[in-house]
Amino acid sequence: MLAPRLRDVLLVAALGAAAGPQPAQASGTPSLAGPAHCRFVAPQGWPARGVRWTGACRAGFAQGLGTLRAYNGGRVARAFYGRLQAGQSALGVIDQDDGFIAGRFEAGRVLDDGERNTLILAFGEASAAAWQMADGYRRAGNAASARFYENKAKQLSQQMD
């Protein structure tokens, strides 16, 4: 699959924003996932189960640079590369089969601020998160996974060229 360019990213972001805000559950409070020591809110439309965070945790929540991965049938179906704040996606990129969704996030949804600089920052954070994953796999001795995430980091950093 060819890497989507800025035009494709903007289209996916615009379509996501056009759908309008929708609460994660009837009460309007997003559902928390993950282990008790490191809770997070999965991006909107992701499954309630099978999502894992790789990154730091603080005060019981996923925090900082890292990767959320949603699994389906043992394979990664979607990934968020970027920064979480108090368990919520803040800035980064969702990588899914039909392209990227990039930007600032609130309540699991991308915010459409129309700013190119937001996209540049989001892809920068995403690339840094993928490099972090590659480093972790390299230290663990898993060369194949380290190469995969190195290539993903390069792909993400090239989106704004």
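1. Strands here are DSSP runs of E with at least two residues, numbered from the N terminus. On that basis Val51 sits in strand β2, which covers residues 51–58. The model is a predicted one.

2. Is Val51 buried or exposed? Its relative accessible area is 11%. Buried means under 20%, so Val51 counts as buried. Beyond its neighbours within four places in sequence, Val51 contacts Phe40, Ala42, Trp46, Leu68, Arg69 and Ala70. Take Leu68: 17 residues separate it from Val51 along the chain, and the two C-alpha atoms are 6.6 Å apart.

3. The largest nonpolar core holds 19 residues. Tyr81, Val93, Ala102, Phe123 and Leu156 have the most contacts inside it. Strands β4 (75–85), β5 (88–96) and β6 (99–106) each supply at least two residues of this core, as do helices α2 (116–139) and α3 (143–157). Which element gives the largest share? That is α2, with 8 residues.

4. Val93 shows how the contacts run. Leaving aside neighbours within four places in sequence, Val93 touches Ala79, Phe80, Tyr81, Phe100, Ile101, Ala102, Ala122, Phe123, Ala126 and Leu156. Another core, of 16 residues, lies apart from the largest one; Cys38, Phe40, Leu68 and Ala70 are among its members. In soluble globular proteins, nonpolar side chains tend to be buried together.

5. The salt-bridge count comes to 5. One of them pairs Asp97 with Arg75, with the closest N and O atoms 3.6 Å apart. This pair links distant parts of the chain: Asp97 is in the loop between β5 and β6, Arg75 is in strand β4, and 22 residues separate them. Asp97 is exposed at 55% relative accessibility. Arg75 is partly exposed, at 44%.

6. Lys152 and Asp95 form another salt bridge, with a closest N and O separation of 2.5 Å. Lys152 belongs to helix α3 and Asp95 to strand β5, 57 residues apart. Are these two residues buried or exposed? Lys152 is buried, and Asp95 is buried as well.

7. Arg138 bridges to Glu150, with the closest N and O atoms 2.2 Å apart. The pair joins helix α2, which holds Arg138, to helix α3, which holds Glu150, across 12 residues. Arg138 is partly exposed at 41% relative accessibility. Glu150 has 18% relative accessibility; the buried class is under 20%, so Glu150 counts as buried. Asp135 joins Arg138 and Glu150 in a network of salt bridges.

Methods:
Residues numbered from 1 in each chain as written. Predicted model: local features only at pLDDT ≥ 70, side-chain atom pairs only at ≥ 80, totals over all residues. Heavy atoms only, no water. Helix = DSSP H or I, 4+ residues; strand = E, 2+ residues; numbered from the N terminus. Buried < 20%, exposed > 50% of the residue type's maximum accessible area, 1.4 Å probe, protein only. Contact = heavy atoms within 4.5 Å. Core = buried A, V, L, I, M, F, W, Y, C linked by side-chain atoms within 4.5 Å. Salt bridge = Lys/Arg side-chain N within 4 Å of Asp/Glu carboxyl O.
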